[in-house]
Amino acid sequence: MNNHTCIECGHAFTWKNIFKNIWTAYKPMKCQKCSKTYKVTNGSQALVTLLVIVPMLVFGELLSMLSLLPKLSIMIFVGFFISLFVPFLLKYKQEPVNKN
Ligand SMILES: [Zn+2]
């Protein structure tokens with residue numbers, strides 16, 4: 001069992017699920033099989049910021065001679081490219097269940 005497996009039913013989250021989750025600002029991820037929700041841990045959010053956002057800003061700084069549009073395109077490309085690898089590093093925890 002790895003970090004990306006539902007602890008309730010053993011359903012594995014795919015890379016695609018997690019990748020999409022990063023770009024939806026970490027909305028809780030639902031297990032497609034048993035509907036348990038998982039949220040990325042605070043540590044993992046910090047990791048994404050460090051690995052994705054910081055390099056984007058650094059590139060933005062390095063490319064400050066460019067005009068806004070090409071600069072933004074490169075920054076987004078850098079962030080996108082790095083985030084392809086980030087799903088392997090993230091940790092998720094189960095959300096507390098609301099019993100109504
Ligand atoms: Zn499940």
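Two residues are in contact if their C-beta atoms, placed from the backbone, lie within 7 Å. The exercises below apply to a predicted model.

**Exercise 1.** Determine which residues Ile18 touches, not counting residues up to four places away in sequence.

*Solution.* Step 1: locate the residue; Ile18 belongs to helix 1, which covers residues 15-22. Step 2: set aside the residues up to four places away in sequence, and the contacts of Ile18 are His4, Phe13, Pro87 and Leu90.

**Exercise 2.** Decide whether Ile18 is buried or exposed.

*Solution.* Step 1: recall the cut-off, by which a residue is buried if 20 or more other C-beta atoms lie within 10 Å of its own. Step 2: apply it; Ile18 has 21 C-beta neighbours inside 10 Å and therefore counts as buried. In soluble globular proteins, nonpolar side chains tend to be buried together.

**Exercise 3.** Describe the order and pairing of the three strands in the open sheet, and explain why one side of strand 1 and of strand 3 is left without a neighbour in the sheet.

*Solution.* Step 1: the three strands follow the order 1-2-3 and pair in the antiparallel sense. Step 2: strand 1 (29-30) and strand 3 (92-94) are at the edges, and each has a single partner strand, so one side of each lacks a neighbour in the sheet.

Technical notes. Residues numbered from 1 in each chain as written. Predicted model: local features only at pLDDT ≥ 70, side-chain atom pairs only at ≥ 80, totals over all residues. Pairing = 2+ DSSP bridges. Helix = DSSP H or I, 4+ residues; strand = E, 2+ residues; numbered from the N terminus. Buried ≥ 20, exposed ≤ 12 C-beta atoms within 10 Å, placed from the backbone.
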